[in-house]
Amino acid sequence: MPMAFSTHKQNQHLPNLYGATAAPPPTPSAQPNHHTVTSSAAADELSNLLHRLPPTLSLPKRRSSTSATSPPPPTLSFSDPNFNHLLLSSGSELGFLQLTNHDIPSQLANSAETESLSLFELTRDQKESCFPKNWPLGFDADDDDEEEEDGDGKGESFCLDTECSTETTTDLSLTSLREFTRALEKLGLKIIDKLADAMGFDNSIGEDPTRFRSLMWISEGLHGDHDKPSGGFYPYVIGLQYQIRCQKYSLLKDSGSVSVSPQVDSIMVTLGDIAQVWSNGKLSKVRGRPMACLGDGNKSRLVSMSLLVTLPCNSRVTPLLPEVVGEEGTGDEDDESQVCGSKEEQEKRLFNSFSFEDYAWRVYNECYLFNDPLDRYRI
């Protein structure tokens, strides 16, 4: 069953109805009052005017949001001999896909969801004491309202490390969530390794766990239309989200929002902004985490568990442009003729190098729904 999706363009600004240089209509007090027109006479005048209109005249229809039809994203399986090629193809065109035939059991995902739901049942004091704010880790709430004693807040989220660490000893059990997080991290590093191999990077990039940092982001689904997920955006290489049930999600692309309906028991994989910089703009990206589309009429509670494979805060982000080996090299390490030129000379660098921590803080605390936060680093 393929992942179905549809796109919606972002709203455009309406033009000035009076034109760029037209003066505003005069106020009634500025008009000469030579005579008074009764309401009956005005009604007759309007009726005669409407009857003189051509029968085919109609009011302009409201502009509907349209978008180009995109091909359905492929369903990938590690058993596919063309996995690397399909991964690179879908990553370049769409920036997201669904992975099947993985080794994460559905029972583990359901147990992790049950434990995640229990976090939102805690009181506000318990949430803040068990998961103190240590950005980006900890408990976060988007609203500034007074704390809810029943623990039913709005726009709340938890960001946990791979150990799902807590600060206090409580009866809170997160054993399944911890195992689930580690399983997703292992899968994510494997996908990064295959993506790096497909793009000609160092094929061991995903084998070094110290180069990456994984975060489990747990947030409640919000009713109605919401452009920004609870907890804010956070940059990442790839994101993974297990599909426990049939559920529609909204993804924010550079061209607008995308609605996707992944297959049950598949894992939705999204490529983030760091992957786009690494690829020197060749990969498409999804901004932020997928948001569950509940709608105003859906009153059920739902949590989203998104595993983000990202970078340590002290990292620097730069395009990964491997060296190009020349034809006249002797193979000796000291022979500079072996490298005729770097990839930077063969391919124009599209991004400047930048601090990951500075960039992460900016996209987390500022709203980038309509502007690409990477624009400031483009060359």
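**Notebook: helix H5 and what sits around it**

I started with the length of H5. At 1.5 Å a residue, its 25 residues should span 36 Å, and I found the end C-alpha atoms 37 Å apart, which agrees. A note to myself: this is a predicted model.

Next I looked at what comes after H5. Glycine 200 follows the helix, and its phi is positive, near 85°.

Then I checked how H5 meets another helix. H3 (residues 106-119) packs against H5 (residues 175-199) at an angle of about 125°, and their axes are 8 Å apart. The crossing of the two helices is left-handed.

Which residues make the contact? From H3 I wrote down Leu108, Ala109, Ser111, Ala112, Glu115 and Ser116. From H5 I got Thr175, Ser176, Leu177, Glu179 and Phe180. Sorted by class, that contact has 5 nonpolar, 4 polar and 2 charged residues.

Last stop was leucine 172, which I found in the loop between strand E5 (156-160) and H5.

Leaving aside neighbours within four places in sequence, leucine 172 touches Ser118, Leu119, Leu122 and Phe131. Leucine 119 is 53 residues away from leucine 172 along the chain, yet their C-alpha atoms are separated by 8.3 Å.

Methods. Residues are numbered from 1 along each chain as its sequence is written. This is a predicted model: local features need pLDDT of at least 70, side-chain atom pairs count only at pLDDT 80 or more; totals for chains, interfaces and linings use all residues. Side-chain values use heavy atoms; hydrogens and water are left out. Axes are lines fitted to C-alpha atoms, for helices over the stretch in contact, and angles run from 0 to 180 degrees between N-to-C directions. Helices (H or I, at least four residues) and strands (E, at least two) are DSSP runs, numbered from the N terminus. A crossing is left-handed if the near helix is turned anticlockwise from the far one by less than a right angle, and right-handed if clockwise. Contact means heavy atoms within 4.5 Å. Ala, Val, Leu, Ile, Met, Phe, Trp, Tyr, Cys and Pro count as nonpolar, Asp, Glu, Lys and Arg as charged, and the others, Gly among them, as polar. The expected span of a helix is 1.5 Å times one less than its number of residues.
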